[in-house]
Amino acid sequence: MARLILFNKPYGVLCQFTDRSMAGSARATLSDHIDMPGVYPAGRLDLDSEGLLLLTDDGRLQARIADPRFKLPKTYLVQVEGDVAEAGLQALRQGVMLKDGPTRPAEAERIAAPALWPRDPPIRVRKTVPDCWIRLTLREGRNRQVRRMTAAIGHPTLRLVRWAIGDWSLDGIAPGAWREAPARIG
């Protein structure tokens with residue numbers, strides 16, 4: 001029976017079990033939070049992103065979750081700089097042009113600020129520049145795609161939290177905590 005772990009990755013944690021960098025100081029890794037041999041991440045989250053990371057001991061399930069050709073939806077809660085107008089949301093819904101080509105259409109909507117845990121360290125706040133939150137659902141996964149998409153519409157990302165992958169979500173999982181879930185894709 002395959003194991004599936006839902007982990008709420010905190011800001012500043014690498015999506016690997018060891019830090020192979022030559023940075024000199026050891027950075028936080030998955031091994032600081034998960035002590036379960038044989039599970040590996042199905043996909044990635046950047047060091048400066050937070051939220052749902054799935055880990056499994058089943059290579060086929062790992063590929064099915066991570067491979068963009070299966071179009072498993074990934075939902076992000078994104079705090080952006082500025083006040084996103086409907087035209088910006090519509091651009092995200094149609095797909096935006098990035099340096100590596102156009103994105104697939106995304107689901108995008110403005111939302112009220114979600115009740116999330118405080119980020120450590122906090123985001124930078126500029127008194128003269130407003131911010132707002134959007135929910136963005138993608139069915140592809142390019143490097144730093146959400147950040148590049150919001151920048152393309154003129155609204156740099158301040159905070160990025162992956163809330164859900166397919167039917168799995170962070171609901172009830174504190175930062176740095178994890179739980180097992182049924183290893184089924186519905």
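These are my notebook entries on a predicted protein model.

**Ground rules.** I number residues from 1 along each chain as its sequence is written. Local features need pLDDT of at least 70 and side-chain atom pairs 80 or more, while totals for chains, interfaces and linings use all residues, and side-chain values use heavy atoms, without hydrogens and water.

**Overall layout.** I found three helices and eleven strands (DSSP runs numbered from the N terminus: H or I, at least four residues, for helices; E, at least two, for strands). From the N terminus on, I read β-β-β-α-β-α-β-β-β-β-α-β-β-β.

**Helix 2.** Which residues of helix 2 are buried? I got Gly 88, Leu 89 and Leu 92 (buried is under 20% relative accessible area, exposed over 50%, partly exposed in between, with a 1.4 Å probe and protein chains only). They sit on the same side of helix 2 because they cover an arc of only 100 degrees around the axis, taken from the directions from the helix axis to the C-beta atoms. Ala 87 and Gln 94 are exposed on the face turned away from that buried side. Strand 7, strand 8 and helix 3 are among what covers the buried residues.

**Cores.** I looked up the largest nonpolar core next: it has 19 residues, and Leu 54 is one of those touching the most other members (a core is a set of buried Ala, Val, Leu, Ile, Met, Phe, Trp, Tyr and Cys residues joined through side-chain atoms within 4.5 Å). Strand 1, strand 3, helix 1 and strand 9 each give two or more residues to this core. A second, separate core has 18 residues, including Leu 98 and Val 146.

Definitions and conventions: Contact = heavy atoms within 4.5 Å.
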